[in-house]
Amino acid sequence: MADVVQYRLERMVDELDDLEQRGLFSRREIAEIVKQRRKFEYRLKRPSPLKEDFLAYVEYETQLDALRRLRKKSVARELMKQGNKKLKKSKSDFAGLLRIMDIYELALKRYKGDIDLWFRYLEFCRLRKNGRMKKVCYSILHLFSLHFLSCMTVSI
């Protein structure tokens, strides 16, 4: 279990370095982010993680990404005042979104039949306009049509 958590944390190193190099988060803030993510990752690797564990992790990452976007706007404004060009997109601009989608996908593998969870994921995709919404809708239709068909064959 610890190896899996360590591997997932190591995959975040490039993103965290990028956040520090761009001046969006300090070294101490990044250490706190790693601490929180480690806590959430261990929760998800328990033998039976709760739906609330997944949702708490999604909430944390959503708030963290919102803070990152605010700080990026602030840094970009300062650069514009100094006459520099706009900030280019980097790995940290996409990593939070991908992590949140990954957490939702892990939760949906565990809780396939949870309609509320599916709708939360759909709402997230709609708000972020990331192009994943069609895939999620297809997955919902496929899962629940199979469930419906299996119920029909049992009752016949």
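Visitor: Where is Leu 87 found?
Guide: In this predicted model, Leu 87 is in the loop that runs between H4 and helix H5, the latter covering 91-110.

Visitor: Is Leu 87 buried, exposed or partly exposed?
Guide: Partly exposed, because its relative accessible area is 24%, and buried would need under 20%.

Visitor: OK, what does Leu 87 touch?
Guide: Leaving out residues up to four places away in sequence, Leu 87 touches Arg 22, Lys 72, Val 75, Ala 76 and Leu 79. As for Arg 77, its C-alpha atom is 9.7 Å from that of Leu 87, and the two residues are 10 apart along the chain.

Visitor: Back up a bit. What happens just after H4?
Guide: Gly 83 sits there, with a positive phi of about 90°.

Visitor: And H4 itself, what span should it have, and why?
Guide: Helix H4 takes in residues 51-81, which makes 31 residues. At 1.5 Å a residue it should span 45 Å, and the C-alpha atoms at its ends are 46 Å apart, so the two values agree.

Visitor: Switching topic: how many aromatic pairs does the structure hold?
Guide: Five. One of them is Phe 40 with Tyr 57, a stacked pair with 4.9 Å centre to centre and 10° between the planes.

Visitor: Which helices does that pair link?
Guide: Phe 40 belongs to helix H3, residues 27-44, and Tyr 57 to helix H4. They are 17 residues apart, so the pair links distant parts of the chain.

Visitor: Give me another stacked pair. What are the numbers for Tyr 104 and Tyr 121?
Guide: Tyr 104 and Tyr 121 stack at 5.0 Å centre to centre, with 25° between the planes. Tyr 104 is in helix H5 and Tyr 121 in helix H6 (residues 115-128), so this pair ties together parts 17 residues apart in sequence. Both tyrosines are buried.

Visitor: Going back to Phe 40, which residues are in its ring cluster?
Guide: Ring pairs join Phe 40 with Tyr 57 and Tyr 60 in a cluster. There's a charge to look at too: Lys 39 lies over the face of Phe 40, 5.0 Å from the ring centre.

Visitor: Now Arg 37. Where is its place, and is it buried or exposed?
Guide: Arg 37 is in helix H3. It counts as buried, because its relative accessibility is 1%.

Visitor: What polar contact does its side chain make?
Guide: The side chains of Arg 37 and Glu 15 are joined by a polar contact of 3.3 Å.

Visitor: What else is Arg 37 in contact with?
Guide: Setting aside neighbours within four places in sequence, the list includes Leu 9, Met 12, Leu 16, Glu 61, Leu 64 and Arg 99. Tyr 57 and Tyr 60 are on that list as well, and those two also belong to the ring cluster with Phe 40.

Visitor: Last thing, the whole protein. How many helices and strands?
Guide: Seven helices and zero strands, giving the pattern α-α-α-α-α-α-α along the sequence.

Visitor: How much of it counts as buried, and what about the surface?
Guide: Of the 156 residues, 35% count as buried. The accessible surface is about 10400 Å², and carbon and sulfur atoms have 58% of that.

Visitor: And what share of contacts comes from residues 24 or more positions apart?
Guide: They account for 64% of the contacts that have a separation of 6 or more.

Key. Residues numbered from 1 in each chain as written. Predicted model: local features only at pLDDT ≥ 70, side-chain atom pairs only at ≥ 80, totals over all residues. Heavy atoms only, no water. Helix = DSSP H or I, 4+ residues; strand = E, 2+ residues; numbered from the N terminus. Expected span 1.5 Å × (residues − 1). Buried < 20%, exposed > 50% of the residue type's maximum accessible area, 1.4 Å probe, protein only. Contact = heavy atoms within 4.5 Å. Phe/Tyr/Trp six-rings, centres within 6.5 Å; stacked < 30°, edge-to-face > 60°. Lys NZ or Arg CZ within 6 Å of the ring centre and 35° of its normal. Polar contact = N/O pair within 3.5 Å; in protein donor to acceptor, adjacent residues only side chain to side chain. Areas by Shrake-Rupley, 256 points an atom, 1.4 Å probe, with all protein chains shown as cover.
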